[in-house]
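Trainee: I would like to learn how to read a structure like this one. Could we go through it together?

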Amino acid sequence: MAVTGRPTLRDLFDESPTPHIAHPPRTHQRHFYVATDGSYRPNGGGLGAVIETRDGERVARIALPDVPPDNNVSEYRALHLGLDVLAHRAPPGARVGVLVDHDDLAANVNNAVLAGDHPDWKSPKRIVVPAGSEHHWRGIQARIAGFGELRAARIDSRENPAHPLANAPSEYEHVNRRADRCVLPDPPEFEADSGTDVSYLPPSRFEGRASD
């Protein structure tokens, strides 16, 4: 059941820019959405993640204390964590929308997605990750490759539902004790409607048919 009184992750994703990837209507429908955030303080920080289906049903919330060297590394750690959790609960081939409040991270994720579609694995922009986050970036890349489709949107930190989880992990520690859930979303409209105009389908759905 969707939580009332706040926008769903899908709503936030639909209204946010996706750096380096066009975001027209009806071409971005995801099965799952994951919002992540990392926080840094000299005495410790935290990692937060929220996962929902496209229908707004919550799959998981995670709030973990962490001791990152800086805020940039914490953001990469948080996304690695969120994608790991989702990968264990989503079916193969799931289409994923990522929501982060870090410009460079969103851009790097989408550049990695575009590189995966290039015959020589070349990204349109040079990808530079913060020192200390290389291991987590490799993990993020592996998760990107494991999903059917993925793209990242950049949201404001004030709208990021993972923000309070990352900034006060001890206050939200109870969310980690909830039972694991694997929730399958309803099919997106263009899958349920066989008469949908294919001109609205994203290239990966339209150009890769066996009959082409």
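Mentor: Let us go from the overall layout to single residues.

Mentor: This is a predicted model, so local features need pLDDT of at least 70 and side-chain atom pairs count only at pLDDT 80 or more, while totals for chains, interfaces and linings use all residues. Residues are numbered from 1 along each chain as its sequence is written, and side-chain values use heavy atoms, leaving out hydrogens and water.

Trainee: How many helices and strands does the protein have?

Mentor: Helices (H or I, at least four residues) and strands (E, at least two) are DSSP runs, numbered from the N terminus. Here there are 7 helices and 5 strands, and from the N terminus on they run α-β-β-β-α-β-α-α-β-α-α-α.

Trainee: What share of the residues count as buried?

Mentor: Buried means under 20% relative accessible area, exposed over 50%, and partly exposed in between (1.4 Å probe, protein chains only). Of the 212 residues, 48% count as buried.

Trainee: Is helix H3 enclosed or open to the outside?

Mentor: H3 is largely enclosed by the rest of the structure, because 10 of its 14 residues are buried. Among these buried residues are Leu105, Val109 and Val113. The buried residues of H3 pack against helix H2 (71-87), strand E4 (95-100), helix H4 (134-146) and E5.

Trainee: How is a pair of aromatic rings described?

Mentor: It is described by the distance of the centres and the angle of the planes. Rings of Phe, Tyr and Trp (its six-membered ring) pair if their centres lie within 6.5 Å; planes under 30 degrees apart count as stacked, over 60 as edge-to-face and the rest as tilted. A search of the whole structure finds 2 such pairs. The rings of Phe13 and Tyr33 have centres 5.4 Å apart and planes at 65 degrees, so this pair is edge-to-face. Phe13 sits in helix H1 (residues 9-14) and Tyr33 in strand E1 (residues 32-39), 20 residues apart. Both Phe13 and Tyr33 are buried.

Trainee: Why is the pair of Tyr76 and Trp137 edge-to-face?

Mentor: Their planes stand at 70 degrees, with the ring centres 6.1 Å apart, so the pair counts as edge-to-face. It links Tyr76 in helix H2 with Trp137 in helix H4, 61 residues apart.

Trainee: Where is Ala162 found?

Mentor: Ala162 lies in the loop between strand E5 (149-154) and helix H5 (163-167). Ala162 is buried, with a relative accessible area of 0%.

Key: Contact means heavy atoms within 4.5 Å.
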